[in-house]
Amino acid sequence: MRLALPPTSCKVYTPAVLADAMVYALGDEPQASWLEPSHGTGVFIDAIARLGIPKERIVAIDLDRTSSPADDLATTLRGVDFLRWANETERKFDRIVGNPPFIAINRLPQSLQKIAASVLDLNGRPIGRGANVWYAFVLASLHLLKQGGYLAFILPSA
């Protein structure tokens, strides 16, 4: 089954200079693993690669199947729902960076709403369909973050 894509209105592209600043602020350590859960066109993967981090230490995920030149700079999973993947993986990461989609869960295609609404908040309760997808991405990413790891996301002021 092919997953439906969220509306293009939820996509806000990150300037390369901001991606570079965020990645640089996170810093790297030998063997640190990196995750970009909303890969898109690859601006964060490009920034991570500019730090000299090899593709074997970078995982990039995106629901959109459209490839980008940055796909070759990471272990790239296209056509994958990050929230479902996060719920199923045992992997943990030292660094997580990205710009998650900004859209209310109840505005997503039906095929994506259930898993997004079932993401648990910090009190262990599902966030529900009234929450925003960026919030689900933050919570799912925190679950995948190793103790002592770092996370940097672009988030709306709301």
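## Before we start

Because this is a predicted model, local features need pLDDT of at least 70 and side-chain atom pairs count only at pLDDT 80 or more, while totals for chains, interfaces and linings use all residues. Residues are numbered from 1 along each chain as its sequence is written, and side-chain values use heavy atoms, with hydrogens and water left out.

## The second largest pocket

Rolling a probe the size of a water molecule over the atoms shows where empty space is left. The search here uses a 1 Å grid over the protein atoms alone: a cavity is a set of points where a 1.4 Å probe fits but cannot get out, and a pocket is an open set with protein on both sides within 12 Å along at least five of seven lines. Grid points are joined across faces, edges and corners, and a volume is the space filled by probe spheres set on the points.

The second largest pocket holds about 300 Å³ of space. It is lined by 16 residues (a lining residue has an atom within 4 Å of a point), and the closest to the pocket's centre are Asn87, Val119, Leu120, Ala140 and His143. Two elements give two or more residues to this lining: helix H3 (82-88) and helix H5 (133-144). Helices (H or I, at least four residues) and strands (E, at least two) are DSSP runs, numbered from the N terminus. Helix H5 gives the most, with four residues. Sorted by class, the lining has nine nonpolar, five polar and two charged residues. Here Ala, Val, Leu, Ile, Met, Phe, Trp, Tyr, Cys and Pro count as nonpolar, Asp, Glu, Lys and Arg as charged, and the others, Gly among them, as polar.

## Rings that pair up

A pair of aromatic rings is described by the distance of the centres and the angle of the planes. Rings of Phe, Tyr and Trp (its six-membered ring) pair if their centres lie within 6.5 Å; planes under 30 degrees apart count as stacked, over 60 as edge-to-face and the rest as tilted. By this rule there are four aromatic pairs. One of them joins phenylalanine 82 and tryptophan 85, a tilted pair at 6.3 Å centre to centre with 35° between the planes. These two residues are three apart in helix H3, so about one helical turn separates them.

Phenylalanine 82 is buried at 2%, and tryptophan 85 is buried at 15%. Phenylalanine 82 also pairs with phenylalanine 137: the centres are 5.0 Å apart and the planes at 40°, so this pair is tilted. Because phenylalanine 82 lies in helix H3 and phenylalanine 137 in helix H5, the pair ties together parts that are 55 residues apart in sequence. Phenylalanine 137 is buried too, at 7%. Ring pairs link Phe82, Trp85, Phe93 and Phe137 into a cluster.

## Opposite charges meet

A salt bridge is a side-chain nitrogen of Lys or Arg within 4 Å of a carboxyl oxygen of Asp or Glu. How many does the whole structure have? The search finds six salt bridges. One of them joins aspartate 20 and arginine 50, with the closest N and O atoms 2.6 Å apart. Aspartate 20 sits in helix H1 (residues 16-26) and arginine 50 in helix H2 (residues 43-50), so the pair ties together parts 30 residues apart in sequence. Aspartate 20 is partly exposed at 28%, whereas arginine 50 is exposed at 52%.

Arginine 78 has a salt bridge with aspartate 62 (4.0 Å between the closest N and O atoms), and another with aspartate 71 (3.0 Å, N to O). Together, Asp62, Asp71 and Arg78 are linked in a network of salt bridges. Arginine 78 is buried at 16%, aspartate 62 at 11% and aspartate 71 at 11%.

## A residue in a loop

Alanine 131 is found in the loop between helix H4 (110-117) and H5, and is buried at 15%. Leaving aside residues up to four places away in sequence, alanine 131 touches Ala104 and Ile105, where contact means heavy atoms within 4.5 Å. Alanine 104 is 27 residues away along the chain, and the two C-alpha atoms are separated by 5.9 Å.

Note on methods
Buried means under 20% relative accessible area, exposed over 50%, partly exposed in between (1.4 Å probe, protein chains only).
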